[in-house]
Amino acid sequence: MAMTAPKELRVAKDRKLLTVTFPDHRPFELPAELLRVLSPSAEVQGHSPEQRVTVPGKKNVAILKIEPVGNYAVRITFDDFHDTGIFTWNYLHTLGHEKDKRWQEYLDELAQKGMSRDR
């Protein structure tokens, strides 16, 4: 079932956090780094699970802008100029609910590959 549009999308003053508030849900706080490294773009996700890319060095990434895509999503442009991910309402809702799990998986993946959040 498709999620309805959020009541509010709010970017923090430092541009490092996106707060997403869906109707009848508590607000989700999604760090820019998490959004960037889990971008739904083909550049990050590939065209199959085997093609997914681990994105290091985004600890200080920030959100430059958010643009609506129809009535179902937003495009987020980050200060590293990555802007090809279309964040659907469903995907943002999933990230909100699975933030801790997905973040830990990302940190574990970085460690396994000898990568860092800093570079």
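**Charged pairs and a nonpolar core**

Student: Asp118, is that one buried or exposed?
Tutor: In this predicted model, Asp118 is exposed, with a relative accessible area of 53%.

Student: Which residue does Asp118 form a salt bridge with?
Tutor: Asp118 forms a salt bridge with Lys59, and their closest N and O atoms are 3.7 Å apart. The pair links distant parts of the chain, since Asp118 sits in the segment after H3 while Lys59 belongs to the loop between helix H2 (42-45) and strand S4 (63-69), 59 residues apart. Lys59 is partly exposed, at a relative accessible area of 38%.

Student: And how many salt bridges does the structure hold?
Tutor: It holds nine salt bridges. Another of them joins Arg102 and Glu98, whose closest N and O atoms are 2.8 Å apart. Both of these residues lie in helix H3, four residues apart, which is about one turn of the helix. Salt bridges with shared partners also join Arg36, Lys58 and Asp80 into one network.

Student: Switching topic, which residues touch the most other members of the largest nonpolar core?
Tutor: Among the 24 residues of that core, they are Leu30, Leu35, Ile63, Ile76, Phe78, Phe87 and Leu92. The elements giving two or more residues to this core are strands S2 (17-21), S3 (28-31) and S5 (73-78), together with helices H1 (32-37) and H3 (89-112).

Student: Which of them gives the most?
Tutor: H3 does, with six residues.

Student: What does Phe78 touch, then?
Tutor: Leaving aside residues up to four places away in sequence, Phe78 touches Ala32, Leu35, Arg36, Val61, Ala62, Ile63, Leu64 and Phe87.

Definitions and conventions:
Residues are numbered from 1 along each chain as its sequence is written. This is a predicted model: local features need pLDDT of at least 70, side-chain atom pairs count only at pLDDT 80 or more; totals for chains, interfaces and linings use all residues. Side-chain values use heavy atoms; hydrogens and water are left out. A nonpolar core is a set of buried Ala, Val, Leu, Ile, Met, Phe, Trp, Tyr and Cys residues joined through side-chain atoms within 4.5 Å. Buried means under 20% relative accessible area, exposed over 50%, partly exposed in between (1.4 Å probe, protein chains only). Contact means heavy atoms within 4.5 Å. A salt bridge is a side-chain nitrogen of Lys or Arg within 4 Å of a carboxyl oxygen of Asp or Glu.
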